[in-house]
Amino acid sequence: MASERAVLRVGVLDFTSSGWAAGSTFTRALTCSLLSVCREEGVEVFILSDKAESPIGKDLPVTVLQVAPPLLGPPTKAPSFRGESLLRRALGRSDPSHTYNAYIAAREHGISVLLPPGAVPCWAAGVKTVGWISDFQHVYLPEFFSREERRKRDEAFRSLAERADLVLLSSRAARDHFAAFAPDYVDKARVAPFPSMFAFEPPSGDPHGSPRKYNLPEKFVLVANQFWAHKNHEIVVEALDRLRRKGVRVAVVMTGLPVDSRDLSNHALSRLLQAVARGGLAGQVTVLGQVPRNDLVDLMRVAAIVIQPSRFEGWSTVVQDAKALGRPVACSDIPVHREQAPDSLGFFPCDRPDILADLLAAHWDALEPGPDRDGEESALAAEREFAGLHGRTLLGICREAVRT
């Protein structure tokens with residue numbers, strides 16, 4: 001009889017989304033980490049995607065199983081009356097019989113364990129699952145969600161906790177939140193912080209072309225978050241205003257998709273731009289919006305410091321990328337940031353621009369634009385080790401799920 005190692009097939013769901021940049025990064029990091037250890041262990045890795053092309057590129061030995069959309073959906077009941085499917089199509093509602101095409105494909109291709117689904121149907125027997133919850137922002141920052149959104153997330157997360165064989169979380173902070181949210185299922189929780197994609201795709205070449213293209217100053221702070229309300233960009237502008245009044249001039253570059261599905265009128269972005277104007281900071285703050293990936297990599301490599309002011313994270317890709325490149329970071333003082341970046345240049349409370357201003361004033365003169373070639377190479381080597389640990393942890397979780 002073949003050993004478990006010889007027959008284990010791991011399926012990774014593609015979380016790539018045009019509205020969520022971190023989804024693509026998470027999918028690629030998860031798959032690359034697994035591939036780095038699975039080839040030696042005789043384990044096969046597949047990606048289940050509603051796209052024909054691999055989200056991690058063509059050069060890696062992974063098979064893409066194309067799944068008809070929708071790839072996943074919220075927990076639903078089977079059609080309960082004749083003609084319901086026709087009625088749903090007329091109303092523009094998805095058909096529950098097609099909601100979990102990923103599980104159908106997983107069974108058809110003999111997938112042993114599927115990860116990391118955000119929902120598990122009650123009929124998923126035959127496919128072991130390692131579910132994933134990115135964070136519990138709706139519980140701790142309810143003001144950024146409607147009552148209906150909070151209700152749906154509560155239902156989806158509780159269903160996942162109940163039905164998944166194990167639940168993957170990206171930080172100890174997220175595990176603590178899971179324990180408070182679903183204490184009856186805390187024994188299913190497994191923590192696996194994910195690495196930067198720079199562990200697998202190290203940057204190369206001269207990074208100064210992109211800053212020149214956008215007419216940026218030689219020395220600047222980088223804030224690389226999508227413009228969602230909870231990302232808390234405004235505190236950076238308020239800190240700059242305080243510094244300006246003290247005669248300290250600091251340039252800031254902001255990148256990210258200027259859209260928030262929870263703020264369709266873009267009130268948060270409007271407030272940010274108005275704060276820049278009120279503070280007379282138009283010459284110091286450059287808002288680029290979403291830039292090509294290669295440009296973002298260049299900007300991060302040359303930034304004097306990367307600031308992550310977010311009010312809530314499950315595990316910050318921005319912080320992890322900055323660490324992987326050896327760039328200094330300053331973070332909002334939330335538990336996950338202290339866990340992820342204990343060697344940060346400093347932490348500041350989410351509502352204290354004065355403390356952020358003091359932090360920048362204390363360090364700005366000593367900070368130098370990157371890249372620091374030696375520091376970058378050392379940081380990348382450490383990130384590759386971290387990625388190897390991530391892959392071994394994931395494979396161990398997958399094997400544990402199969403044994404449940």
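Two strands are taken to pair if DSSP finds at least two bridges between them, and strands (E, at least two residues) and helices (H or I, at least four) are DSSP runs numbered from the N terminus. The structure is a predicted model in which local features need pLDDT of at least 70 and side-chain atom pairs count only at pLDDT 80 or more, whereas totals for chains, interfaces and linings use all residues. Residues are numbered from 1 along each chain as its sequence is written, and side-chain values use heavy atoms, with hydrogens and water left out.

Seven strands form an open sheet with parallel pairing, in the order 3-2-1-4-5-6-7. Its edges are strand 3 (63–66) and strand 7, each of which pairs on one side only. From one strand to the next, the twist averages 25 degrees, the angles being taken between N-to-C directions on a scale from 0 to 180 degrees, with axes fitted to C-alpha atoms.

Contact denotes heavy atoms within 4.5 Å; beyond residues up to four places away in sequence, Leu168 touches, among others, Phe26, Leu30, Trp132, Arg190 and Ile397.

Further parallel pairing involves strand 11 (305–308), which is joined to strand 8 by two bridges and to strand 12 by three. Val306 stands opposite Leu222 and also opposite Val329 in strand 12. In a regular strand the side chains alternate between the two faces of the sheet. In strand 11, Ile305 and Ile307 point one way and Val306 and Gln308 the other, and all are buried.

Helix 14 (residues 353–363) has Pro353, Leu356, Ala357, Leu359 and Leu360 as buried residues. These lie on the same side of helix 14 because they cover an arc of only 160 degrees around the axis, as given by the directions from the helix axis to the C-beta atoms. They pack against strand 8 (221–224), helix 9 (234–245), strand 11, strand 12 (329–332) and strand 13 (346–348).

Two loop positions were also examined. Glu313, in the loop between strand 11 and helix 12 (317–324), is buried, with a relative accessible area of 12%. Its side chain makes polar contacts (N or O atoms within 3.5 Å, one able to donate a hydrogen and the other to accept it; residues adjacent in sequence count only if both atoms are side-chain atoms) with the side chains of Lys231 at 2.6 Å and Ser310 at 2.7 Å. Leaving aside neighbours within four places in sequence, the contacts of Glu313 include Asp135, His230, Ile334 and His337. Pro202, by contrast, is located in the loop between strand 7 (189–191) and helix 8 (209–213) and counts as partly exposed at 43% relative accessibility. The C-alpha atoms of Pro202 and Leu325 are separated by 8.9 Å, although these residues are 123 residues apart along the chain.

Definitions and conventions: Buried < 20%, exposed > 50% of the residue type's maximum accessible area, 1.4 Å probe, protein only.
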